[in-house]
Amino acid sequence: MTENKKKKKRTKPKKEDDKEKRKAGEKKRATAKSGKSKKPTKSARSKSATKVADPLQPDPGDRDRLLDGEHHDPHRLLGAQPVKGGVVIRAFHPDATAAVCLLSDGSGVELRALEGGSGLFGAVIPDLSLPADYRLRFRFEDGATWERDDPYRFRPTVGDMDLHLFNEGTHYQLWRCLGARAMQHDGVEGVAFAVWAPSARRVSVVGDFCGWDGRLYPMRSMGASGIFELFIPELAPGALYKYEIKTSGGDLRVKTDPYATAMEMPPGTASRVYRSSYRWDDGEWLEARRGQDAGREPMAVYEVHLGSWARVPEENDRPLTYREAAPRLVEHMKRFGFTHVEFLPISEHPFTGSWGYQVSGYYAPTARYGTPDDFRYLVDYFHQKGIGVIIDWVPAHFPKDDFALRRFDGTALYEHEDPRLGEHPDWGTLIFNYGRKEVQNFLIANALYWLEEFHIDGLRVDAVASMLYLDYSRKAGEWVPNVYGGRENLEAVAFLKRLNEVIGGEYPGCFTIAEESTAWGAVSRPTYEGGLGFHFKWNMGWMHDTLEFFRRDPVYRHWHLGQLSFAMLYEYSERFVMPLSHDEVVHGKGSLLDRMPGDVWQKFANLRLLLTYQYTRPGKQLLFMGTELAPWREWNHDTSLDWHLAEDPMRATFGHFLEELGAMYTRTPALWRQDHEPAGFDWIECHDRDNSIVSYTRWDGDDHVVVVLNLTPAPRDDYRIGVPVAGNYALRFCSDEKRYGGSDYRLPDNFATEPVAFHGHEQSIRLHVPPLGGIVLVPIS
């Protein structure tokens with residue numbers, strides 16, 4: 001958010017443009033730094049300090065630090081302080097010419113200007129007891145006044161236990177004590193602010209309620225914890241604010257609140273005070289979730305970038321809001337049988353082109369689509385309709401934007417000082433210092449925040465590989481080995497393990513998914529088995545090999561069947577999700593349809609075959625939005641999906657195919673119950689290079705289905721495969737049906753087994769396998 005200059009305002013700010021208010025704060029700070037202020041210099045104030053003990057006069061050192069904008073504990077001299085015979089009230093406004101203390105009994109006490117300081121006032125009030133209830137009225141040179149409650153009469157809003165747990169790294173509900181919290185404190189409505197800035201000389205709350213002037217609301221330091229705190233009475237939700245931080249080197253930095261639960265609409269970068277009033281109605285979903293093992297349930301994930309899923313062309317092509325998107329997305333996903341939605345990062349981010357992966361507001365849903373309660377409504381709506389919600393979460397790195405986390409208090413607070421540890425060479429971002437307890441606490445509490453406050457079911461953790469390796473994307477000499485001389489980031493490993501342990505313990509039924517692209521072992525194994533503790537891992541190897549195979553001309557595929565079968569060699573080393581994600585339809589890779597070989601008919605047939613393979617092999621599956629429309633072009637985050645394509649006859653039949661594939665998947669437990677158990681899968685044949693056909697069996701106990709895939713455009717007649725049981729098999733699904741855009745090639749509804757041993761089975765059946773077709777058979781009595 002821009003902070004420019006405007007004419008100096010001496011009264012309580014009026015309702016005027018925020019940018020103009022911020023100009024005032026900049027001008028005042030610039031004036032103070034340039035030495036043009038009319039207030040006495042530090043040396044002059046010291047000379048004029050009284051030598052006689054006067055309870056009204058503050059300690060000269062405290063006074064000087066306050067007036068110089070460097071006091072770490074303004075409550076020590078401002079507010080109500082006990083003295084012999086009564087209470088001293090001191091108040092400060094640098095532009096005021098007079099001040100009055102308004103007591104609760106209706107009387108007023110004139111505060112006199114104190115020695116050595118411009119804008120510092122006080123009075124000793126006899127027989128007044130603490131805690132004192134009073135208000136302040138400041139008068140300015142032009143006759144205007146500003147009446148307000150006194151922030152410096154209130155006790156701290158952050159407790160000793162909060163401070164201890166935070167510094168210990170185990171305060172997993174940090175959003176309840178840090179950030180901006182609208183609350184009632186000592187019987188007064190207002191907002192409690194708290195922020196971690198251990199190297200700061202002074203921290204102030206600035207905002208549209210004080211002209212962005214850092215002199216008006218300095219915060220108190222909570223000792224060695226590094227936290228600064230202030231309760232501002234009468235401030236209401238909706239106010240915009242930041243923190244003005246004076247660094248140890250004397251520089252001023254104006255920062256967004258790391259714990260802000262709401263932010264203003266980008267490109268603005270101010271935090272916003274927010275109080276939720278949402279009432280949830282998803283209790284049945286949450287109760288059922290507690291007892292579920294997601295690995296033994298169906299999971300077909302629809303990956304969504306909310307800003308480009310659908311737009312409103314009549315209104316400047318704006319994206320849908322959270323509330324507008326909820327019913328439309330649910331209806332669309334229900335049609336195709338998706339069980340979960342996965343949103344690209346929802347956290348606030350300054351650059352739309354990052355798709356949300358460069359986060360500036362970790363605790364704030366982006367304001368692009370509405371308020372935090374609007375996002376709660378969306379999640380609630382999905383749950384009521386039986387759909388789980390996953391969000392992408394980014395603890396691997398953060399952007400260098402100076403308004404956010406970068407050098408927050410003038411030091412490398414959240415990142416590493418050494419760029420060999422603290423900078424990410426691929427993305428031009430900064431890497432979190434996972435070895436610092438408070439940083440680890442910030443991230444783990446943030447993960448729990450989304451699960452607790454927004455009822456999120458799963459977190460897909462982005463860029464895990466970049467976290468695990470100190471030499472990730474670095475050349476020799478550009479990285480620092482760990483204490484044992486290795487390349488593993490031991491602090492990041494410990495952080496990920498702790499993250500998954502806490503989530504598993506606090507939120508049973510919720511799950512985490514690692515986007516991890518290397519051969520690091522046991523990513524999705526429990527920590528007590530030596531793993532990282534994730535519930536699932538994206539199978540990047542399967543994705544790469546499969547897309548590489550399907551882009552090949554079918555005439556050459558018989559030489560490359562190993563690209564399909566290889567993944568089964570490591571299938572049970574992890575609990576996998578098979579992603580065909582946004583990353584596969586950007587940066588010149590082309591759409592999935594466009595990458596398929598052959599003419600238009602063959603391209604569609606290949607795409608149907610690819611998805612049939614994905615839905616019927618072991619593992620959960622994920623499709624990026626728009627796959628159901630089979631577009632020719634890549635995804636563009638600046639425009640809507642090509643919804644007009646649904647009217648094309650070929651796309652209409654393809655959409656019908658995906659509808660029935662999804663329905664078949666969810667109602668067939670053999671396709672998902674034992675995804676992560678070797679007993680859930682058997683190859684029938686994976687080496688038939690002459691015909692380029694693969695076949696396999698999926699199991700759920702004694703129940704099973706048989707899957708046959710013809711990877712060429714040549715139909716195969718009288719093709720024999722072995723089957724586990726004698727009797728009859730019925731056709732459950734065929735990707736080549738005419739209503740899907742296929743050829744409808746010679747497929748009866750039932751197949752009788754024959755006592756002919758084949759493929760290691762005593763029984764076999766003969767099939768007419770359609771061109772570029774996938775079929776699913778089920779045994780019937």
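## A buried salt bridge at Arg202

Arg202 counts as buried in this predicted model, with a relative accessibility of 6%. Its salt-bridge partner is Glu244, and the closest N and O atoms of the two are 2.8 Å apart. The pair links distant parts of the chain, since Arg202 belongs to strand S10 (residues 202-207) and Glu244 to strand S13 (residues 240-246), 42 residues apart. Glu244 is buried as well, at a relative accessible area of 1%.

## Other salt bridges

Across the whole structure, the search finds 57 salt bridges. One of them joins the side chains of Arg460 and Asp392, with an N to O distance of 3.1 Å.

Another salt bridge connects Glu189 and Arg275, whose closest N and O atoms are 3.4 Å apart. Because Glu189 lies in strand S9 (residues 188-196) and Arg275 in the loop between strand S15 (271-272) and helix H5 (283-290), the pair ties together parts that are 86 residues apart in sequence. Glu189 is partly exposed, its relative accessible area being 41%. Arg275 also counts as partly exposed, at 41% relative accessibility. Elsewhere, a network of salt bridges links Arg176, Asp373, Arg376, Glu452 and Glu453.

## The annotated domain and the barrel

An unreviewed UniProt entry places the feature "domain: Glycosyl hydrolase family 13 catalytic" at residues 303-651. This span is 33% helix and 14% strand, and its end C-alpha atoms lie 20 Å apart.

The model contains a closed barrel of eight strands with parallel pairing, in the order S16-S19-S22-S25-S26-S27-S28-S29. On average, neighbouring strands of this sheet are turned by 25 degrees against each other, direction ignored. Strand S16 (residues 300-304) and strand S19 (residues 340-343) run parallel and are joined by four bridges. Within this pairing, Glu303 stands opposite Glu342 in S19. Helix H13 (residues 540-550) packs on the sheet, where it touches strand S27 (536-538) and strand S28 (576-580). The direction of helix H13 makes about 40 degrees with that of S28.

## Strand S2 and its neighbours

Strand S2 (residues 86-92) is mostly covered, with seven of its seven residues buried. Strand S1 (residues 79-83) runs antiparallel to S2, and five bridges join the two. Val83 has Gly86 in S2 as its bridge partner. S1 and S2 form a hairpin with two residues between them, and Gly85 in the turn has a positive phi of about 90 degrees.

S2 is also joined to strand S5 (residues 120-126) by seven bridges, and these strands run antiparallel. Ala91 stands opposite Phe121 in S5. In general, strands of a sheet pair through backbone hydrogen bonds, either parallel or antiparallel.

## The position of Gly562

Gly562 is located in helix H14 (residues 562-565). With a relative accessibility of 42%, Gly562 counts as partly exposed. Gly562 and Gln602 are 40 residues apart along the chain, and their C-alpha atoms are separated by 22 Å.

Terms used:
Residues numbered from 1 in each chain as written. Predicted model: local features only at pLDDT ≥ 70, side-chain atom pairs only at ≥ 80, totals over all residues. Heavy atoms only, no water. Salt bridge = Lys/Arg side-chain N within 4 Å of Asp/Glu carboxyl O. Buried < 20%, exposed > 50% of the residue type's maximum accessible area, 1.4 Å probe, protein only. UniProt positions renumbered as here; feature names shortened; annotations may be inferred. Pairing = 2+ DSSP bridges. Axes fitted to C-alpha atoms, helices over the stretch in contact; angles between N-to-C directions. Contact = heavy atoms within 4.5 Å.
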